[in-house]
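Me: Hi! I have a structure open and would like to go through it with you. Could you help me find my way around?

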Amino acid sequence: MKLSLIPFSLLLASSAAFAPMHHQHAQRHRNVAQHMSTEAIEAPPMAPLTKWGDKISDIRALQQQLRQQKMPEFAPELSAKDLGIAGDKDAQLKYFQENAMDLKKKMQIHGAVVFRDFELMKEQEGFQQFYKAVGMKTCLDPLHSVSARPTVDGNKNSPVYEAVNKESRKNFFIGMHNEFVGTRAPRAAAFVCFKAAETGGEFIIADGRRMFRDLDADLVDELYNRQIRYSVMELPFFGWIDNLPDPVQGPAMAVVKGIVSAAINAKVDFDVEMLWGEAGYDNTKMLQARAPSQPPIVVHPTTAEPTWFCNVHSHSSKLRKDRESVYGAERFEDGASQINKSDMFFGDDGQISDEQLVHMDEVTQKNSRYVKMREGDVVLLDNYKTMHGRNVFDGTRKHGVAWFEGWEGEEEVKSELKEEMQLSA
């Protein structure tokens, strides 16, 4: 297979990887557990460290070159009916085993693959047989060090997690994002439908390469060179400080900030900076936790393609509020939900303008594809190339997700793709 892809590596600096300045933590010891059984008692390994790639020497020139290229089809669909194996679980499993390398190449080239009409994946056991047959290596949810995402079967160490199915969050539109927390990001993921919502609840995907191509060049240049930074938490519990005598407020704020900072940084494996601010209609004093700065565009670890790797669509406070005007405000039901508020800034803590945010939202929507999944349908995606989200819904929705640290034969796939890209250059 020949690809119409440019030799992106020509515009990449040969210097060390372009990584956030504060994320150089040693990777925790990983107990590699053999996956694949709902009865497994060992947890999968931690999600891998994020691969930021080399620094791009000329982001404008790279974007311009990408605009001149014909891009691969995004997220092609494969149907068991078209393959002549509908209704035959054994034949479906055999298909995955015999075509594992080709399917992993399709994921890398096209960003995602959508599997339709496969009875095998209607239950968790069959879903696990699917990704084992393809040769995907599971890892823990990247949220593991921060909070515990529920698993589909309730088993603490199960590799299949709930994909935001709570009834309390049905009117919360989950913005487009790549899955990563701090310094950790899965290489790939498989999202499965065990029960479709009666209305809505579509799984949404978007190609990061097309996002990078379509964004305004001036904005891309500014975002890349100033970098970006997320606020990942707000603690609106410090209004009482305003009631203290003026001479005491400053020292009290310093002590509180120090205690909270130490507690949070002891919990997560990346550096968090606490900044004072105000929140709510009454401007209550709050502490905001901000993650280290990072690039919004990264070099893909296998294909060396530039791809948008930025969660502004899900993290921007303005964009969330704009969606609330359409879908209604999120129904907070516990303290954790109330403090898990995020936002995005330039890497130097400067504000991103409303005009810039609206533009990014428009480009995101332009490149988003709604996938109405039925029972047994699976979307296998490359987490660096493909963003994902979820539409609002009514009824009962049961979707799951498995995260992958990599896959069997990865170096072979990488070598084949590199050779094909050189031939097409």
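Predicted model: local features only at pLDDT ≥ 70, side-chain atom pairs only at ≥ 80, totals over all residues.

Me: Which residues is Phe212 in contact with, leaving aside neighbours within four places in sequence?

Reply: Phe212 contacts Ile59, Leu62, Gln63, Leu66, Val220, Ile297, Pro306 and Trp308. Take Leu66 from that list: Leu66 and Phe212 are 146 residues apart along the chain, and their C-alpha atoms are separated by 8.6 Å.

Me: On to the largest nonpolar core. Which of its residues touch the most other members?

Reply: That core has 37 residues, and the ones touching the most other members are Leu223, Ile297, Trp308 and Met360. Elements giving two or more residues to this core include helix H1 (59-67), H6, helix H7 (217-226), strand S14 (297-299) and helix H12 (354-366). With four residues, H7 gives the most to this core.

Me: What does Met360 touch, not counting residues up to four places away in sequence?

Reply: Met360 touches Met211, Leu215, Leu219, Leu223, Trp308, Val312 and Ile352. There is also a second, separate core of 32 residues, with Leu78, Ala80, Phe115 and Val152 among them. As background, nonpolar side chains in soluble globular proteins tend to be buried together.

Me: New topic: helix H3. Which residues of H3 are buried?

Reply: H3 runs over residues 89-98, and its buried residues are Gln92, Tyr95 and Phe96. Seen down the axis of H3, these fall within an arc of 95°, so they line one face of the helix.

Me: Which exposed residues does the face turned away from the buried side of H3 carry?

Reply: That face carries Asp90 and Glu98, which are both exposed.

Me: What covers the buried residues of H3?

Reply: The cover includes strand S3 (77-79), helix H2 (80-83), helix H4 (100-110), strand S4 (112-116) and helix H5 (124-134).

Me: Which residue caps the N-terminal end of H3?

Reply: Asp88 does, with a side-chain oxygen lying 3.2 Å from the backbone nitrogen of Asp90.

Me: Now strand S21. How many of its residues are buried?

Reply: Nine of the 10 residues in S21 (residues 398-407) are buried, and the strand is mostly covered.

Me: Which way does strand S5 run relative to S21, parallel or antiparallel?

Reply: Antiparallel: four bridges join S5 (residues 136-139) to S21. Cys139 has Trp403 in S21 as its bridge partner. Strand S6 (residues 161-162) also pairs with S21 in the antiparallel sense, over two bridges, and there Glu162 stands opposite Gly400.

Me: How many bridges pair strand S8 with S21?

Reply: Seven, again in the antiparallel sense, with S8 spanning residues 188-195. Phe191 has Val401 in S21 as its bridge partner.

Me: You mentioned a cysteine. How many disulfides does a search of the whole structure find?

Reply: Zero disulfides turn up in that search. For reference, a disulfide is a covalent bond between the sulfur atoms of two cysteines.

Me: Is Cys139 buried or exposed? And Cys310, buried or exposed?

Reply: Cys139 is buried, at 0% relative accessible area. Cys310 is buried too, with a value of 0%.

Note on methods: Residues numbered from 1 in each chain as written. Heavy atoms only, no water. Disulfide = S-S within 2.5 Å. Buried < 20%, exposed > 50% of the residue type's maximum accessible area, 1.4 Å probe, protein only. Contact = heavy atoms within 4.5 Å. Arc of directions from axis to C-beta. Polar contact = N/O pair within 3.5 Å; in protein donor to acceptor, adjacent residues only side chain to side chain. Core = buried A, V, L, I, M, F, W, Y, C linked by side-chain atoms within 4.5 Å. Pairing = 2+ DSSP bridges.
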